[in-house]
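Open the structure in a viewer and keep the selection tool at hand. The stops below say what to select next and what is there.

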Amino acid sequence: MKINEIEKSNSRYIGKKVQYFETIDSTHKYAKRNIDNINNGSIIIAEAQTGGIGTKGRIWYTGKENNIAMTIVLKPDKKVEELENLTVDIAKAIQKAIQELYNIELKIKEPNDLLLKEKKICGILTEVNSIGEKINYLLISMGFNVNETEFPLELEHIVTSLKKEYNREFSREEVIIRIIRNLEEII
């Protein structure tokens, strides 16, 4: 992954600092453990996760060096009520990014999944930490299957990737940069 491309993109603040790991338990768990030392807008990216968080406590399959596993750390000056429907808005930002880049239509399965040809291609996990109405931090984690072609047998019939469906390589950096840009419009 070319981290410098992400850090040098034309975003306003998201992704200006990226922490990169070959392997980590979970980008989300790492962000929570280290929240006091992570700047607003920082992104944690891993090539592989050993304990990625999926829906309903399941493990998210990351693969290795083919997909996007990342957590965006935000410390917004907003009230909790201003983040209503945030996960769906994030899904819409991702959907828009893929449409703009590749003219590929992803379907949103509310509240936190995106589908391609009726199979899961992206999962979103959002977590807000607050005291009363004051937000301490917001974590936006996502797993996006970009160039994976082989999934574990138990997942084969329910997940897919861009490469598996369109038989070509896609730029993970390009996808991340466009998602960042779209997220900055809504947060």
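Select Asn 85 to start, in the loop between strand S3 (68-74) and H3. Helices (H or I, at least four residues) and strands (E, at least two) are DSSP runs, numbered from the N terminus. Asn 85 has a positive phi of about 65°, although this residue is not a glycine. With a relative accessible area of 53%, Asn 85 is exposed; buried means under 20% relative accessible area, exposed over 50%, and partly exposed in between, with a 1.4 Å probe and protein chains only.

Before moving on, note that this is a predicted model, in which local features need pLDDT of at least 70 and side-chain atom pairs count only at pLDDT 80 or more, while totals for chains, interfaces and linings use all residues. Residues are numbered from 1 along each chain as its sequence is written, and side-chain values use heavy atoms, with hydrogens and water left out.

Next, show helix H3 (residues 86-102) together with helix H5 (residues 172-186). Two packed helices are described by the angle between their axes and the distance between the axes. Here the axes come within 9 Å and cross at roughly 130°. That makes H3 oblique to H5. Axes are lines fitted to C-alpha atoms, for helices over the stretch in contact, and angles run from 0 to 180 degrees between N-to-C directions. Angles under 35 degrees count as roughly parallel, over 145 as roughly antiparallel, 65 to 115 as roughly perpendicular and the rest as oblique.

Now colour the residues where the two helices meet. On the H3 side they include Asp 89, Ile 90, Ala 93 and Tyr 102, and on the H5 side Glu 174, Val 175, Arg 178 and Ile 186; contact means heavy atoms within 4.5 Å. By class, the contact of H3 with H5 has eleven nonpolar, one polar and seven charged residues. Ala, Val, Leu, Ile, Met, Phe, Trp, Tyr, Cys and Pro count as nonpolar, Asp, Glu, Lys and Arg as charged, and the others, Gly among them, as polar.

The structure holds two aromatic pairs. Tyr 102 and Phe 170 form one that is edge-to-face, at 4.8 Å centre to centre with 85° between the planes. Tyr 102 lies in helix H3 and Phe 170 in the loop between helix H4 (162-166) and H5, so the pair ties together parts that are 68 residues apart in sequence. Rings of Phe, Tyr and Trp (its six-membered ring) pair if their centres lie within 6.5 Å; planes under 30 degrees apart count as stacked, over 60 as edge-to-face and the rest as tilted. Both Tyr 102 and Phe 170 are buried.

At 0% relative accessibility, Val 146 counts as buried. Among the residues that Val 146 touches are Asn 66, Ile 68, Lys 163 and Phe 170, not counting residues up to four places away in sequence.

Select Glu 133 next, in the loop between strand S6 (119-131) and strand S7 (134-144). Is Glu 133 buried, exposed or partly exposed? At 39% relative accessibility, Glu 133 counts as partly exposed. Glu 133 and Glu 81 are 52 residues apart in sequence, yet 7.6 Å apart in space, C-alpha to C-alpha.

Finish at Pro 111, in the loop between strand S4 (107-109) and strand S5 (113-116). A cis peptide bond, with omega about 5°, joins Glu 110 and Pro 111.
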